[in-house]
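Trainee: Could you take me through the salt bridges in this model, with a close look at who pairs with whom and how exposed the partners are?

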Amino acid sequence: MRTILRVSLIFLLAFSLPGCVRKPAPTLRMGNIIWAGYDPFYLAREQGWLPPDVRMVDFLANSDVVRAFRTGLLDVALLTLDEALTVAQWDPDVVVLLPLSVSEGADAIIGRAGIGSLADLKGRTVAREPTAVGAYMLHRALESAGLTTGDVKVRDLYSTTHSQAFDDPEIDAVVTFEPMAGALRDLGGTQLFDSRSLPGEIVDVLLVRRALLDSRRETLRRMVAAWYRGVQFLRVSPARAHGLLERRRGTPIGDAEDAFGTIRFFDPPESLGAFDPTSPAPLSVTAERVQTFMLNRGLLHHPAQLDRFIPHRDEVREVYP
């Protein structure tokens with residue numbers, strides 16, 4: 001009788017246990033490019049601070065990140081605010097979870113030797129990455145000089161080849177970012193314009209799907225904490241951090257340090273405060289200004305639902321340290 005009972009229990013457990021064992025949550029895929037503004041996440045990955053159910057996926061260009069996110073190949077994306085808006089115009093269920101940093105000179109237009117001003121670009125060829133931020137920078141720069149994109153010849157050029165752009169004699173200027181901007185200056189290029197002329201407009205953000213705010217809140221909380229550990233690592237151990245980044249970028253440590261001098265990382269109170277409509281510089285105001293500019297110049301097909309794209313502070317408060 002005991003044998004029959006034992007066999008019955010084993011049989012019962014064999015069929016019931018699979019239903020009791022919780023399956024591990026699927027890995028969240030986070031898309032990024034090699035860019036100083038995203039490096040704290042790379043440092044967090046190298047130090048083992050990212051949650052085990054988050055995997056960083058490196059892309060060559062932000063346009064590839066946008067495409068992969070839109071098609072569902074990514075769950076999280078690191079993008080500039082204007083690029084995030086290109087996603088949100090088609091998908092009302094994406095939200096900014098975390099403002100990461102603001103470019104304060106890291107994005108620039110570099111002209112080859114002999115070109116001394118934006119006005120000199122009239123009738124010439126300007127290369128830029130085929131992303132929203134490249135188009136946005138070029139539009140804003142030309143506008144400041146009384147020009148339009150119709151006054152120049154625009155050529156698409158992925159950022160991986162920006163530092164060699166002047167090897168092509170037909171390219172007169174490049175819309176680029178650090179450290180490629182520094183490499184072009186070292187070759188004799190002239191900086192014609194940079195993001196210091198667009199204060200607060202070139203903002204990097206972490207974009208997620210709204211459903212994750214409920215289904216993966218703890219993972220998002222640990223992801224945000226890992227980001228801030230990476231930022232702190234840069235600040236308190238710069239030599240160690242830049243050593244890791246040199247390996248990632250293949251550029252000298254000095255170039256990495258120069259790049260970080262043109263980027264300001266937000267602290268947690270400032271990032272969280274950006275969602276507060278009563279704060280001095282709410283993210284919604286910046287997003288509306290950037291979106292209006294993009295719509296007026298055909299960089300967006302239709303407006304994003306900003307009240308969903310920029311969540312209320314209470315929706316994201318729990319994921320902040």
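Mentor: Happy to! A salt bridge here is a side-chain nitrogen of Lys or Arg within 4 Å of a carboxyl oxygen of Asp or Glu. Keep in mind that this is a predicted model.

Let's start with Arg217 and Asp214: their closest N and O atoms are 3.5 Å apart, so the pair counts as a salt bridge because the cut-off is 4 Å. Asp214 is exposed, at 64% relative accessible area, whereas Arg217 is partly exposed, at 22%.

Next come Arg235 and Asp267, whose side chains form a salt bridge with an N to O distance of 2.9 Å. Arg235 belongs to helix 8 (residues 217-236), while Asp267 sits in the loop between strand 11 (263-265) and helix 11 (268-273), so this contact ties together parts that are 32 residues apart in sequence. Arg235 is partly exposed, with a relative accessibility of 44%, and Asp267 is partly exposed too, at 37%.

Glu270 and Arg264 make another salt bridge, with 3.0 Å between the closest N and O atoms. Glu270 is partly exposed at 35% relative accessibility, and Arg264 is partly exposed at 33%.

Key: Residues are numbered from 1 along each chain as its sequence is written. This is a predicted model: local features need pLDDT of at least 70, side-chain atom pairs count only at pLDDT 80 or more; totals for chains, interfaces and linings use all residues. Side-chain values use heavy atoms; hydrogens and water are left out. Buried means under 20% relative accessible area, exposed over 50%, partly exposed in between (1.4 Å probe, protein chains only). Helices (H or I, at least four residues) and strands (E, at least two) are DSSP runs, numbered from the N terminus.
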